[in-house]
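Please look at the sequence and the structure before reading on.

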Amino acid sequence: MSTSGMRDYLDGPHKAARDVVRARLAGHGELADLAVRLPRDEYRDKVLELLMESAADGLPARGYPKEYGGEGDLGGFIAGFETLAFGDLSLMVKAGVQFGLFAGAILHLGTEKHHERYLADAVTGRLLGCFAMTETGHGSNVQALGTTATYDEATGEFVVHTPTQEARKDYIGNAARHGRMAAVFAQLIVGGERHGVHCLLVPIRAEDGTPLPGVTLSDCGPKLGLNGVDNGRIVFDQVRVPREALLDRYAQVDADGNYTSGIENPDRRFFTMLGTLVQGRVSVGGAAINASKVALTIAIRYGDQRRQFGAPGNAEETVLLDYRMHQRRLLPLLARTYALHFAQAELVEEFARVFNDDRDEHDRRALEAQAAGTKALGTWHATETIQMCREACGGAGYLAENRLATLKADTDVFTTFEGDNTVLLQLVAKGLLTDYRESFGKLDPLGTARFIAAQAVEIAVEKAALRPVIERLRDVVPNRNDAADPDAGLRDDAYHSGLLRFREQHMLSGVARRLKAGIDAGDEPFEVFNRCQDHVIAAGRAHVDRVVLEAFQSAVQHAPEEIKQRLQHLYDLHALATIEAERAWYLEHGRLSAGRSKAITALVNELCATVRPAAVELVDAFGVPGSAVEVPMVVPSQHE
């Protein structure tokens, strides 16, 4: 197998953008230990310095319009951003805040006057900003934010205010030290009438770094990780901004205090505005997958060198990666990382297509669900993978100098920001249960339950249509009576898809039946949904598992011949390890015989042995710069 050939295939159409970031990271050997070596304030200022270097390299400009100094290459922008995760993750997160969230809010929620005045400065880093959405009392429930922006007709200004402690903006990146302006999400009040959450640009610091009148800034203090990001809290006390501060792409307020919007339904307007900011969710999922690549590169290289114990009577100890259990710990995770890489690549291309072509609302909703699911699985995977890599490296993995401790701490919050993963899978399942409609309900459980109650009959009809699909799957998927040849077809792509599709559709139809039964029985909609919430989320995860599997299938089918066989082995390992992890469910539902379940486990072991000789080459193909993985416990790879 050619390592360079596999790397080129993984890099895909955005190889140039990835290589620019790789080159920058390779030139900063100190990036791997900034979090350990520097005091917090020095660390934060160093991250800012590196952020400005990234801007000078043109990383953020790739994703913005050419008329503001950009290149209009959304896919290349996200690919470059993901690659930052090979280095210091505080730099990656700060870049996401500045170039993704703050500048993205100006681009997607503002209009030409905002673009002309602010966008070039935001993209170059001349104007450092915050994305002030999250509040102390309202995390994922953005629609219930407490901050207010009240229009004063007499002065033509909005008055931004924090009415309660729970409405304090919290965990805001760039707020504690460097940010001078914030994109503030607040309840818009015009003429005494509330119009829901909108976004305004609010200056928070003067040029000399002091807070502006009415703005109270404080530091969130030390965190589990990402201490190079200056997360802070913001409180507004009757802060006045001009009417033009409203980012008014989707709603306008004229000088006389008349509120207008091209989207009449307030719920639909809210979700349309949030949908334009999906880029952050896409980027965080990709960054988490890349952090997993770093951990696997370190752990697999270490496992290929470190020796421990050995056969009785043999003076030479055995290489760790030759032990079956060590292979079992790391190689299925390696296969899943490849699977998630290809699912993320499909998501990035879909994101660029939808936003470049200004697609319709249906395509945007589908993209949001795909981004939510991929982010959830990608970030959970990073948490699991980095922990397993730490354990697989023993005591050496616990030393800060070997980077796994920092990776573990820095990625832990990825499962929370840009949407809590449990909430995101609820969003995925909600989109699967029924198409989005004009009367689209709220994301909170009560709103979801009301929406489901209103559509209960339609859902039952829609899910009834799944029955023929499930019946057809039974022709493809063997059951417990197929024990004569338990090994038959275990490497068949159609068999893998059939099992995962059956599980997805069975769970979805089961959720729909439970929801309808509860509503028909006259139970309170909130209680009906709450009883089913675990089932709803499991159905969402089953869907994303299937999407990831089929993305890997497609990648194998389109791979160059020189790498296709190696990818096929990885795909088979991922598919069968995924099925093995859920074999209790398949046994319960008659989709696996006991013999076939055992055969799957045996084949996973066999595939681990097949993948093992190429394991180092497979992690080298990720292209993680040497300075990021040549930690003291690992000698440089021969394959770079």
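## The second largest pocket

Five helices each supply at least two residues of the lining of the second largest pocket: helix 10 (324–356), helix 11 (361–392), helix 18 (493–520), helix 19 (525–557) and helix 20 (561–581). Helices are DSSP runs of H or I with at least four residues, numbered from the N terminus. Helix 10 gives the most to this lining, with six residues. A pocket is an open set of points on a 1 Å grid over the protein atoms alone, reached by a 1.4 Å probe, with protein on both sides within 12 Å along at least five of seven lines; lining residues have an atom within 4 Å of a point.

The lining of the second largest pocket has 23 residues, and Arg336, Glu384, Ala577, Thr578 and Ala581 lie nearest the pocket's centre. By class, the lining residues are 11 nonpolar, three polar and nine charged. Here Ala, Val, Leu, Ile, Met, Phe, Trp, Tyr, Cys and Pro count as nonpolar, Asp, Glu, Lys and Arg as charged, and the others, Gly among them, as polar.

## How the model was treated

This is a predicted model, in which local features need pLDDT of at least 70 and side-chain atom pairs count only at pLDDT 80 or more, while totals for chains, interfaces and linings use all residues. Residues are numbered from 1 along each chain as its sequence is written, and side-chain values use heavy atoms, with hydrogens and water left out.

## Salt bridges

Side chains of opposite charge can pair when their charged atoms come close. The structure holds 43 salt bridges, each being a side-chain nitrogen of Lys or Arg within 4 Å of a carboxyl oxygen of Asp or Glu. A network of salt bridges links Asp8, Asp11, Lys15, Arg18, Asp19, Arg22 and Glu82. In the bridge between Lys15 and Asp8, the closest N and O atoms are 3.3 Å apart.

## A pair within a helix and a distant pair

Lys46 forms a salt bridge with Glu49, with 3.3 Å between the closest N and O atoms. Both residues lie in helix 4 (residues 40–56), three residues apart, about one turn of the helix. Lys46 is buried at 19% relative accessible area, whereas Glu49 is partly exposed at 40%. Buried means under 20% relative accessible area, exposed over 50%, and partly exposed in between (1.4 Å probe, protein chains only).

Arg612 and Asp304 also meet in a salt bridge (2.9 Å, N to O). This pair links distant parts of the chain, 308 residues apart: Arg612 is in the loop between helix 22 (594–611) and helix 23 (615–620), and Asp304 is in helix 9 (residues 279–305). Arg612 counts as buried at 11% relative accessibility, and Asp304 as partly exposed at 30%.
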